[in-house]
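Dear colleague,

Please find below the structure that I am handing over to you, with the sequence alongside. My notes on what was found in it follow.

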Amino acid sequence: MNLLQIEPTYDVEAIRADFPILQRRVKGYPLVYLDNAATSQKPQQVIETLVHYYENTNANVHRGLHTLAEEATEAYETARAKVARFIGAEPESLVFTRNTTEAINLVAYAWGLANLKAGDVIVLSEMEHHSNIVPWQLVARITGARLHYVPFTPEGELDMEAFEEALRQEPKLVAITHASNVLGTINPVEQITSKAHAVGAKVLIDGAQAVPHRPVNVAQIGCDFYAFSGHKMLAPTGIGALYARRELLEEMPPFMGGGEMIRRVTHEYSTWADIPIKFEAGTPNIADGIAFGTAVDYLQQVGMESILQHDQQLVAETLRLLEAEEDIVIYGPRDPASRCGLVSFNFKHVHPHDVAQILDAHGIAIRSGHHCCQLIMRRLDVTATARVSFYLYNTIEEVHAFWKALDDVRKVFGKYGGR
Amino acid sequence: MVDDELYREIILEHYHHPRYKGALPDANLTAEGMNPLCGDELTLYLKTDGDRIVEARFDGRGCSISQASASMLTEAVRGLTLHEAKGLQERVKAMLTGAPHEPFDEDDDLSALEGVKNYPVRIKCALLAWTTLGEILGQQEE
């Protein structure tokens with residue numbers, strides 16, 4: 001098989017130099033990190049933001065009158081504005097959360113408990129991550145609402161006919177992922193939103209795999225809620241965000257109660273702070289929130305269109321190489337342009353755990369397992385898949401190193417169909 | 001280059017040629033095990049005559065380590081009393097978790113599983129069949 005060379009859309013080596021961890025060696029080999037859909041690595045700029053904050057600015061926000069408190073508040077709110085702008089939103093519409101999961105739980109409990117009643121329908125898809133299934137199961141159990149799952153086609157696309165069929169039940173909410181963390185599918189979220197709105201449903205989009213890898217504009221999508229995580233897009237772990245339309249945030253009761261989110265507290269009752277602080281009870285994750293802003297700056301400097309193109313080049317080469325292997329099955333759409341930056345696959349005769357273990361012996365980090373998507377696994381009739389997922393610092397040479405190391409799997413486990 | 005310590009020949013041999021795989025319709029003791037980390041599933045079937053295990057089979061899907069370990073189990077527990085099987089189960093569990101235990105002879109297939117203890121993520125894979133056996137034996141004790 002000839003190995004394709006590409007003209008990178010930007011200077012990948014210069015980017016790599018910003019990520020200290022990429023200098024690491026694993027099992028005697030240079031680290032090849034292909035597990036970005038799980039979490040991304042962090043550039044020096046983000047790490048330095050954390051250090052700088054703790055060395056110079058650390059104070060609690062939105063309270064103290066002293067200089068540090070003022071600086072910390074300013075930095076935290078500036079970061080919020082950056083993250084909001086990054087997805088085309090106003091800062092008031094952006095609530096900082098721990099991660100996508102917490103953002104979805106916030107909507108499930110704050111909006112769901114106030115708006116769902118027995119018999120109401122929530123439309124989900126079978127390609128959802130557990131984080132966009134389990135919160136709705138919990139809230140459905142409390143409210144008596146019913147879950148309806150839209151399947152995906154054998155090609156790994158959302159079944160739009162089945163989706164339209166589901167809308168005939170006049171659901172109260174449609175909660176669907178923007179990009180599948182297993183199939184790689186990019187869902188037509190604008191179309192989904194306008195169709196759902198036409199029957200009066202609210203729309204939540206799980207953007208965990210989309211925002212890190214492509215330009216996203218919530219105003220253009222028109223959705224009511226949009227959830228994503230910082231740690232998959234160069235920011236530290238423990239910080240994520242929920243976008244919600246302003247009117248909804250204003251109407252919704254708080255998610256958690258405590259300090260920070262109140263205006264006035266009496267013995268019996270309290271009133272709430274303005275949005276978005278109403279949804280950020282307690283001392284927030286200040287340092288990581290500020291570093292989220294730095295991460296967004298970094299991505300914007302490279303350019304999301306360029307990152308998207310780069311991802312697609314790596315995905316295209318991966319698909320081309322794996323499609324030529326008779327012992328490998330690929331899951332999800334075949335067109336790199338309708339995918340996010342990842343490819344799930346399996347050897348026909350080797351379990352993905354064993355594949356990941358053997359690649360690790362080459363310093364190559366890939367993911368194996370059910371990827372928190374047991375509904376997808378059931379539909380694909382597998383218990384687990386292997387997955388490579390890329391980001392802006394990955395190179396075509398790393399794709400080739402991964403592909404070559406697959407030969408070692410065959411060395412240990414024999415060739416498919418005979419050993 | 002490849003993890004020889006993990007992928008011992010005997011493990012691969014059991015994986016490629018599992019000893020007693022497939023359902024056992026006349027089993028009187030069965031239990032299902034699942035590894036929630038990876039979604040691997042396993043059903044263990046035992047047939048006993050009085051206190052003695054006369055047949056053992058397993059079915060399910062999983063990685064080489066979990067499948068080889070299950071295959072070795074079905075071979076090892078045949079002919080044991082339930083009490084002896086409990087002793088064996090505890091011994092293997094101790095070996096896999098690095099706890100003190102009476103070591104297995106080198107020519108005992110089970111000794112090949114010892115290398116797994118150096119791969120923390122894989123210990124659960126090797127344990128799956130044995131934990132499932134533990135469940136059956138625990139039910140018997142009650």
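**Domains of chain A**

In this predicted model, the domain assignment divides chain A into domain 1 (12-30 + 303-413) and domain 2 (47-301). The C-alpha centres of domain 1 and domain 2 of chain A are 28 Å apart. Their contact draws 23 residues from domain 1 of chain A and 22 residues from domain 2 of chain A.

On the side of domain 1 of chain A that touches domain 2 of chain A, the elements giving two or more residues are helix H11 (304-323), strand E14 (342-347), helix H13 (374-380) and strand E17 (385-389) of chain A. H11(A) supplies the largest share of that side, with five residues. By class, the residues of this side of domain 1 of chain A are 12 nonpolar, six polar and five charged.

**The largest nonpolar core**

The largest nonpolar core has 163 residues, of which Leu204(A), Leu242(A), Tyr243(A) and Ala295(A) touch the most other members. Helix H10 (residues 286-302) of chain A contributes the largest share of this core, nine residues. Domain 1 (12-30 + 303-413) and domain 2 (47-301) of chain A both give residues to the core, so it lies between them.

As for Tyr243(A), its contacts, leaving aside residues up to four places away in sequence, are Ile87(A), Ala89(A), Ser93(A), Leu94(A), Val218(A), Phe225(A) and Tyr226(A).

**Chain B**

Chain B contains four helices and three strands, and from the N terminus on its elements follow the order α-β-β-β-α-α-α. The C-alpha trace of chain B spans about 50 × 30 × 25 Å along its principal axes. For 142 residues, a compact globule would have a radius of gyration near 14 Å, and the 14 Å of chain B agrees with this. Of the 142 residues of chain B, 38% count as buried. Among contacts in chain B between residues at least 6 apart in sequence, 62% join residues at least 24 apart.

Helix H2 (residues 64-77) of chain B has 14 residues, which at 1.5 Å a residue should span 20 Å; its end C-alpha atoms are 20 Å apart, in agreement. Because 13 of the 14 residues of H2(B) are buried, this helix is largely enclosed by the rest of the structure.

With kind regards

Technical notes:
Residues numbered from 1 in each chain as written. Chains lettered and ligands numbered in written order. Predicted model: local features only at pLDDT ≥ 70, side-chain atom pairs only at ≥ 80, totals over all residues. Rg over C-alpha atoms; globule rule 2.2 N^0.38 Å. Buried ≥ 20, exposed ≤ 12 C-beta atoms within 10 Å, placed from the backbone. Contact = placed C-beta atoms within 7 Å. Expected span 1.5 Å × (residues − 1). Core = buried A, V, L, I, M, F, W, Y, C linked by C-beta atoms within 7 Å. Domains from an automatic or database assignment. Nonpolar A, V, L, I, M, F, W, Y, C, P; charged D, E, K, R; others polar.
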